[in-house]
Amino acid sequence: MSEDSKEAQRHEMVRRQVQRRGVEDESVLEALRTVPREAFVPESYRGRAYGDSPLPIGEGQTISQPYIVALMADLADLEPDDRVLEIGAGSGYGAAVLGQIAGQVFSVERIPELVERARETIDSLGYDNVEIVEGDGTLGLQEESPFDAIIVTASGPEIPETYRRQLAIGGSIVMPTGARDGGQRLVVCTRTGEEEWKTRDEGFVRFVPLIGEEGWSEGRETGASRPGADEPGF
Ligand code: SAH
């Protein structure tokens with residue numbers, strides 16, 4: 001497929017899947033029109049790269065649905081100079097999109113195979129303001145804090161205190177919280193003062209679980225294997 005037709009597909013994806021659902025921020029829309037999502041999915045799924053769904057990326061994980069990536073970036077209210085922390089790099093797609101909008105992105109991933117692949121993809125595209133870090137993202141990334149936004153792409157029982165502390169005043173955390181296997185609520189938590197945070201609910205979502213010290217423990221069945229659920233989550 002030619003570059004032109006892929007670009008046309010991205011424009012169509014943005015119109016149909018993202019703008020139609022109400023995301024209007026031009027920097028977010030432009031980022032989704034620019035980043036080649038097909039580079040982040042396994043070869044066998046490339047034909048579906050611009051479809052309206054999450055796709056498997058191996059290791060039981062998924063690349064998020066394009067709309068969800070756009071929604072989370074929109075809710076984070078990013079500025080061009082912002083420093084952003086993403087938890088759950090997965091394929092690296094979300095990090096690449098955030099890197100088009102913000103100044104610097106750090107994205108933590110716990111599964112070494114995914115870290116390696118995400119780094120390769122990000123490097124091959126020349127996105128040099130995006131760094132993939134291997135580790136347990138439930139602890140945040142103290143050495144690079146404070147962050148203007150923390151975007152969590154896996155669901156935890158609640159927002160870890162560590163994230164609240166690693167946020168700059170005025171910055172926001174965007175994170176799915178709630179039950180491990182079913183649906184969750186997408187929550188936006190803004191640090192309004194040294195010791196003050198305001199939280200709002202942005203609706204129902206379904207993500208793979210955040211596994212780590214301040215998240216869920218490893219080893220239980222996830223939503224991926226529930227009868228009738230053929231996708232592990234967004
Ligand atoms: N943003 C990704 C979607 C990733 S799915 C993309 O655009 O492709 C969620 C990811 O979170 C999975 O890759 C999973 O391995 C990772 N994850 C789960 N718990 C984690 C933790 N404690 N620290 C870092 N990554 C974690």
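Predicted model: local features only at pLDDT ≥ 70, side-chain atom pairs only at ≥ 80, totals over all residues.
Visitor: Let's start with helix 1. How many residues has helix 1, and how far does helix 1 reach from its first C-alpha to its last?

Guide: Helix 1 runs over residues 3-19, which gives 17 residues. At 1.5 Å a residue, the expected span is 24 Å. The model comes close to that, with a reach of 23 Å.

Visitor: Which helices do the buried residues of helix 1 pack against?

Guide: The buried residues in question are K6, R10, M13, V14, Q17 and V18. Their packing partners are helix 2 (26-34), helix 3 (66-76) and helix 4 (93-101).

Visitor: And helix 2: what covers its buried residues?

Guide: In helix 2, the buried set is V28, L29, A31, L32 and R33. The cover over them includes helix 1, helix 3 and helix 4.

Visitor: Why is helix 3 said to be largely enclosed by the rest of the structure?

Guide: Buried here means under 20% relative accessible area. In helix 3 the buried residues are P66, Y67, I68, V69, A70, L71, M72, A73, L75 and A76. Helix 3 is largely enclosed because its buried residues number ten of eleven.

Visitor: What is the phi of E59, and where does E59 lie?

Guide: E59 is a residue other than glycine with a positive phi, near 60 degrees. Its relative accessibility is 38%, so E59 counts as partly exposed. As for its place, E59 is in the loop between strand 1 (55-58) and strand 2 (61-63).

Visitor: Which backbone nitrogens lie at 3.3 Å and 3.1 Å from the side chain of T138?

Guide: One belongs to a residue that T138 also touches, E213, and this nitrogen is 3.3 Å from a polar atom of the T138 side chain.

Visitor: I211 came up among the contacts of T138. How far is I211 from I151 in space?

Guide: I211 is in the segment after strand 9 (196-205). With 15% relative accessibility, I211 counts as buried. Its contacts, apart from residues up to four places away in sequence, are R110, D136, T138, R180, W216, S217 and E218. I211 is 60 residues from I151 in sequence, and the C-alpha atoms are 15 Å apart.

Visitor: What separates the C-alpha atoms of R185 and D201?

Guide: R185 is part of strand 8 (residues 184-193), and at 39% relative accessible area R185 is partly exposed. Beyond its neighbours within four places in sequence, R185 is in contact with M175, P176, T177, D201, G203, F204 and V205. R185 and D201 are 16 residues apart along the chain, and their C-alpha atoms are separated by 6.6 Å.

Visitor: Last stop, the second largest pocket. What is its volume, and which helix gives the largest share of its lining?

Guide: The volume is about 160 Å³. The pocket is lined by 13 residues, and the closest to its centre are A39, F40, V41, R117 and T121. By type, the lining divides into seven nonpolar, three polar and three charged residues. The largest share, five residues, comes from helix 5 (residues 112-125).

How values were computed: Residues numbered from 1 in each chain as written. Heavy atoms only, no water. 1 Å grid on protein atoms, 1.4 Å probe; cavity = no way out; pocket = protein on both sides within 12 Å on 5 of 7 lines; lining within 4 Å. Points joined across faces, edges and corners; volume = space filled by probe spheres on them. Helix = DSSP H or I, 4+ residues; strand = E, 2+ residues; numbered from the N terminus. Nonpolar A, V, L, I, M, F, W, Y, C, P; charged D, E, K, R; others polar. Expected span 1.5 Å × (residues − 1). Buried < 20%, exposed > 50% of the residue type's maximum accessible area, 1.4 Å probe, protein only. Contact = heavy atoms within 4.5 Å. Polar contact = N/O pair within 3.5 Å; in protein donor to acceptor, adjacent residues only side chain to side chain.
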